[in-house]
Amino acid sequence: MTFQVPYELRLRECGSKHLAMYRAIRDSVASGALSPGERLPSSRTLAAMYGLSRGSVSLAYDMLAAEGYVRTGIGQGTFVCGEPKDAGFRPQGAAARPELPELSAWGRRMMAKEEAFGDESEPADPGSFVPRGMGRRSFPWAEWRAAVAAQLRRIGERAEDGGTEGSLALRQAVAARLRRERGIVCGPEQIVMTGGSMQAIALLAQLLLEEGQSAVVEDPCYPGTRLAAQAAGARVIPAAVDRQGIVPAAWDARLLFVTPTRHFPTGAVLKLERRLELLAWASKKEAWIVEDDFDSDFRWGGRPIEPLKSLDREDRVIYVGTFSRTMHREVRIGYAVLPETLREPFKRAKRLYDPYPAGIAEQLALAGWISEGGYDRHLRRMRRGFHKLQLCLAEGLRSELGELFEALPSDSGLLQFAYWKKSREEYALLYDSCKRQGVVWGDGARCAAAGPAAPPSALFGFAHLEEESIRSGLIRIRTAAETLGLIAPGKGGNDHA
């Protein structure tokens, strides 16, 4: 039997064998090294393990039992008090740990924000509409693993490929794609590869914001963006969003976070006139704009409008993109296209976290996948499949839940945003009822920058589901709504308007 407690250390401190064993076991229980419900060795076994008399061990056990650390039963053995996995257990006499260590102001601000990125971590379920990207089944894992394995075999056979800014080959491939697909003319020296787009956003918030300064975020917005600004100590200014995206205003701020190509989460596309207004605001205020282009690769229709970065004539826009949406969220590859004056500060900030390029084998594999055409073939295949799923969801929301939700038109992206039509209390009632039955969606309240006053809304992810799962999930939501009396029984939502 393997059993380890700090007996020798305690023996040097107190000199008494039975007292040293008592303290060693007591400290192991208090620290969690010995779990509630765990069985301890018999007095004979423990005495043999540590070279003690059986009487010394029995005395130590008696002292532990008297103080509530262990429980014993004749013929049953000795066990740590508390039930197994009882995280709230604390034996009698154990010192209470402080709830939090002494943190910096940044650390305290981080801990004050219980929610950051929505509810994407909800357990997967066939009826779950919680957005979680494309799901595992849609990504060509075998092809990708082979590409990464090939690069891993070659590492060490060649010179270093880039520093903290990432693989030169991948930065060249990204620059070429941006020029061809987005009209953004940039060189690889302007690009820094990051661990997904969120790392770039967090670094930019730390670099460009100080405590007491102001940052503008869309309302609603991606929760992680708001958290990054607040963690930096900034005062967040919620900016109104309508069916055409963010509404420009004369904000008194240093930084603006915006998703103009496809607003998160509503899907609105910012029209050209408003894009030009944002650039004029940045020029007047001498401010920066972080343009987060998180999933415009999945577009089903409509005319793409030029990114802010391609319209920027004063080098005030930082363009942030990611491959984690088009591949899989476990593949953490993003990038930032930086204005000249921010390149070195950004690289130095990233070097603090990643002195060497993280995931270099994956970066090199992606560069090769792009150059050989595999990435574009993957995108074409995904666009066809996801468009069918998007149409299935849009039709299902209209026919089954049209009395409850107003789904906003969207011609791109992997989620559908919808406003709730009834009262806040009725929304909570349906949400809780469906969640108990395993049918959940993303709660739009997590995206509200202005707080709980925002009207109830929902985010329906679909790329990880099959068409049949989408249909059956919506029917289950409708059945729950009928049971609660929110809509009349019938074949479909619009049949009873």
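Me: A crossing counts as left-handed if the near helix is turned anticlockwise from the far one by less than a right angle, and as right-handed if clockwise; in which sense does helix 3 pass helix 4?

Reply: Helix 3 passes helix 4 in a right-handed crossing. Bear in mind that this is a predicted model, in which local features need pLDDT of at least 70 and side-chain atom pairs count only at pLDDT 80 or more, whereas totals for chains, interfaces and linings use all residues. Residues are numbered from 1 along each chain as its sequence is written, and side-chain values use heavy atoms, with hydrogens and water left out.

Me: At what angle do helix 3 and helix 4 pack?

Reply: Helix 3 (residues 43-50) and helix 4 (residues 54-66) pack at about 115°, their axes being 8 Å apart. Axes are lines fitted to C-alpha atoms, for helices over the stretch in contact, and angles run from 0 to 180 degrees between N-to-C directions. Helices (H or I, at least four residues) and strands (E, at least two) are DSSP runs numbered from the N terminus.

Me: And which residues make the contact?

Reply: Helix 3 contributes Ser 43, Arg 44, Leu 46 and Ala 47, while helix 4 contributes Arg 54, Val 57, Ser 58 and Tyr 61, contact meaning heavy atoms within 4.5 Å.

Me: Switching to aromatics, how many aromatic pairs does the structure hold?

Reply: There are 23 aromatic pairs, where rings of Phe, Tyr and Trp (its six-membered ring) pair if their centres lie within 6.5 Å, and planes under 30 degrees apart count as stacked, over 60 as edge-to-face and the rest as tilted. One of them, Trp 369 with Tyr 375, is edge-to-face, at 6.0 Å centre to centre and 65° between the planes. Both residues also belong to one aromatic cluster, together with Phe 139, Trp 141, Trp 144, Tyr 319, Phe 323 and Tyr 335.

Me: Is Trp 369 buried or exposed?

Reply: Trp 369 counts as buried because its relative accessibility is 5%; buried means under 20% relative accessible area, exposed over 50%, and partly exposed in between (1.4 Å probe, protein chains only). Tyr 375 is buried as well, at 1%.

Me: Why is the pair of Tyr 427 and Tyr 431 stacked?

Reply: The pair is stacked because the ring planes stand at 20°, with centres 6.1 Å apart. Both tyrosines lie in helix 15 (residues 424-436), four residues apart, about one turn of the helix.

Me: Last topic: in what order do the three strands of the open sheet run?

Reply: The order is 1-3-2, with antiparallel pairing, and two strands pair if DSSP finds at least two bridges between them. Strand 1 (39-40) and strand 2 (70-73) are the edge strands, and Leu 40 stands opposite Thr 78 in strand 3.

Methods:
A crossing is left-handed if the near helix is turned anticlockwise from the far one by less than a right angle, and right-handed if clockwise.
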